[in-house]
Amino acid sequence: MASERSGVVRRRSTTAVGVYAATVLGVGTTVAATRILGGSYAQFAVAYSVVSFFQMLLDLTVDEALIKYGFRYVTAEDWPRLRRLFEVALGFKLVGGVLALLVIAGLAPFSDRIWHHSLVWPLVVGAFVPLAQATETIAGCALILRD
């Protein structure tokens with residue numbers, strides 16, 4: 001029992017170190033690229049980071065539930081419930097995408113005050129990314145659940 005716990009702790013610690021190391025490398029790469037490529041890249045990096053952050057923050061994950069219950073409904077050949085499950089999951093994803101769009105687009109007019117650069121248009125364009133990608137994981141779940 002003790003060796004199992006130490007194995008779990010070791011795997012979790014390794015995962016945590018990997019995640020944090022990847023984050024540190026990402027931030028370091030962004031800083032280095034900004035110094036090398038200049039201000040235009042910095043503006044791109046800020047806009048991309050804002051879009052990514054709010055997309056991740058407001059992503060209402062229903063993928064696991066869709067897979068779990070989807071397999072049950074496929075096995076039982078309960079097609080009406082499976083269809084309803086997909087409808088509800090898609091609704092959740094679209095709500096998250098719309099919320100992210102609204103938050104990012106709401107930040108755009110204030111970009112001058114927040115980042116001291118006008119990022120209005122990059123943020124307005126980027127605001128549509130979470131909404132456009134909302135259906136991506138639902139489609140992936142459909143591929144997983146097909147026979």
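The crossing of α2 and α4 is right-handed. That is read from a predicted model, as is everything I'll show you. Helix α2 covers residues 39-57. It packs against α4 at an angle of about 150°, and the two axes lie 9 Å apart. Who touches whom? From α2 we have Val50, Val51, Phe54 and Gln55. From α4 we have Ala100, Val103, Ile104 and Leu107. Sort that contact by class and you get 7 nonpolar residues, 1 polar and no charged ones.

Why quote an angle and a distance each time? Two packed helices are described by the angle between their axes and by the distance between those axes. Keep both in mind for the next pairs.

Next, α4 with α8. Helix α4 spans 79-107, and α8 spans 136-145. Their axes come within 10 Å and cross at roughly 155°. Angles over 145 degrees count as roughly antiparallel, so α4 is roughly antiparallel to α8. This crossing is right-handed. On the α4 side, the residues are Leu82, Phe86, Ala89, Leu90 and Lys93. They meet Thr137, Ile138, Cys141, Ala142 and Leu145 of α8. By class, that contact holds 8 nonpolar residues, 1 polar and 1 charged.

Now stay on α8 and bring in α3. Helix α3 runs over residues 63-75. It packs with α8 at an angle of about 30°, with the axes 10 Å apart. Is that pair roughly parallel or roughly antiparallel? Angles under 35 degrees count as roughly parallel, so α3 is roughly parallel to α8. The crossing of α3 and α8 is right-handed. Helix α3 brings Asp63, Leu66, Ile67, Gly70, Phe71 and Val74 to the contact. Helix α8 answers with Thr137, Ile138, Cys141, Ile144 and Leu145. The count here is 8 nonpolar, 2 polar and 1 charged.

Last topic: empty space. Rolling a probe the size of a water molecule over the atoms shows where such space is left. How big is the largest pocket? Its volume is about 170 Å³. There are 13 lining residues, and those closest to the pocket's centre are Gln55, Asp59, Lys93, Gln133 and Ala134. Gln55 sits in the contact of α2 with α4. Lys93 of α4 is part of the contact with α8.

Which elements give two or more residues to this lining? They are α4 and α8. The largest share, 4 residues, comes from α4. And the classes? The lining divides into 5 nonpolar, 5 polar and 3 charged residues.

Methods
Residues numbered from 1 in each chain as written. Predicted model: local features only at pLDDT ≥ 70, side-chain atom pairs only at ≥ 80, totals over all residues. Heavy atoms only, no water. 1 Å grid on protein atoms, 1.4 Å probe; cavity = no way out; pocket = protein on both sides within 12 Å on 5 of 7 lines; lining within 4 Å. Points joined across faces, edges and corners; volume = space filled by probe spheres on them. Nonpolar A, V, L, I, M, F, W, Y, C, P; charged D, E, K, R; others polar. Axes fitted to C-alpha atoms, helices over the stretch in contact; angles between N-to-C directions. Parallel < 35°, antiparallel > 145°, perpendicular 65-115°, else oblique. Left-handed = near helix turned anticlockwise from the far one by under 90°. Contact = heavy atoms within 4.5 Å.
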